[in-house]
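This briefing concerns the pairing of aromatic rings in a predicted model. A pair of aromatic rings is described by the distance of the centres and the angle of the planes.

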Amino acid sequence: MLDYRQDSPKILIDFLSYHETIKAHSLKTVDEYYLDLRNFLRYIRQLREPDLRSLPLDQIDIRGVDLAFIETITLTDVYSYMSYLSRERQLHHNSRRSGKGLSASSRARKIATLRSFFNYLVKTHQLKENPIKDIDSPKLKKTLPKYLTLDESVHLLNALDSKHRERDYCILTLFLNCGLRISELIGINCGDIHGDALRVFGKGGKTRIVYLNDACKDALDSYLAVRRPIQGRDDQALFLSSRDQRISRSAVHAMVKKALTQAGLDSTQYSAHKLRHTAATLMLQNGVDVKAVQEVLGHEHLNTTEIYTHIDNEALRVAAKANPLGKIKQARKPSSSSEEKGGGE
């Protein structure tokens, strides 16, 4: 976690504290808000004060920013900042080979941060009006989530060859059947399993219950039979590393990539998160209601889940052909010209 209190003005600290405590957003989300807003305020200071234009942006101090400064920010300023992001912003600061210009999706995220910040100031009666309420977000290419087919998913499980086979098989099975996020999976404790119910801690500290099918229960039983007891702070962690600690996000990513390669699948195209996409897609393809899938995945908004309903065009064609009215065709009537000819004879 980044310590945003070290170099932030009070107005920014209050906003970040609000999201951390009242909104219960994850520390990762709060850190992203902090980095986005720090960069934005540095840019605006440099734009306003000619003496700062010779300084690198990351050396500009924003601790003196106050409400009076925020009130001077206009929609034009924000569009200028967006232009800077798309043309001049370095992608990776520590790399000489890094290119410049953020993607449309990255810029859209930063606009969402700014919109949240100004909405907060209006909501807390610090600003009378949001200066960017009418801002346009960058147009994003609509890309459908990548996912494994049913046959590829089965092959992935069957091809697994690992030193920790029971553990890794269980992890893959939970991803493919329950659609867990990687942060949710590594956070599972042994006490979160109650029969066929699994308690999951999702985004923003929200808890949900995911029900386990026979494949998940069997995989869990096999893994728990070989899981060694450990002591220390991670003694209740379900999935353990070879060092007897809670398994890390990077270890799970590496395991999934290796398993994909073993199965002859392109590990550059698929990942642990793509297994979550796979679970959602397979559920919808097999008749699960989209609202139920939303609950399983822990999506806050239904439209997030609905991206999966547009994936399988072939399934939609089959559904259309299955309608019993699909073979009923309109009865043909004689054309008006035929009727006229018939009447004259």
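Phe15 has a relative accessibility of 0% and therefore counts as buried, the cut-off being under 20%. In the predicted model, a search of the whole structure finds 10 aromatic pairs. One of these joins Phe15 to Tyr120.

**Phe15 and Tyr120**
- The rings of Phe15 and Tyr120 form an edge-to-face pair, with 5.4 Å centre to centre and 65° between the planes.
- This pair links distant parts of the chain, since Phe15 belongs to helix H1 (residues 10-22) and Tyr120 to helix H5 (residues 104-123), 105 residues apart.
- Tyr120 is buried as well, its relative accessible area being 10%.

**Tyr18 and Tyr120**
- Tyr120 also pairs with Tyr18; this pair is tilted, at 5.2 Å centre to centre and 40° between the planes.
- Because Tyr18 lies in helix H1 and Tyr120 in helix H5, the pair ties together parts that are 102 residues apart in sequence.
- Tyr18 has a relative accessible area of 19% and is buried, because the cut-off is under 20%.

**The ring cluster**
- Ring pairs connect Phe15, Tyr18 and Tyr120 with Tyr33, Phe117 and Phe118 in a cluster.
- Within this cluster, Tyr120 pairs with Phe15 edge-to-face and with Tyr18 in a tilted arrangement.

Terms used
Residues numbered from 1 in each chain as written. Predicted model: local features only at pLDDT ≥ 70, side-chain atom pairs only at ≥ 80, totals over all residues. Heavy atoms only, no water. Phe/Tyr/Trp six-rings, centres within 6.5 Å; stacked < 30°, edge-to-face > 60°. Helix = DSSP H or I, 4+ residues; strand = E, 2+ residues; numbered from the N terminus. Buried < 20%, exposed > 50% of the residue type's maximum accessible area, 1.4 Å probe, protein only.
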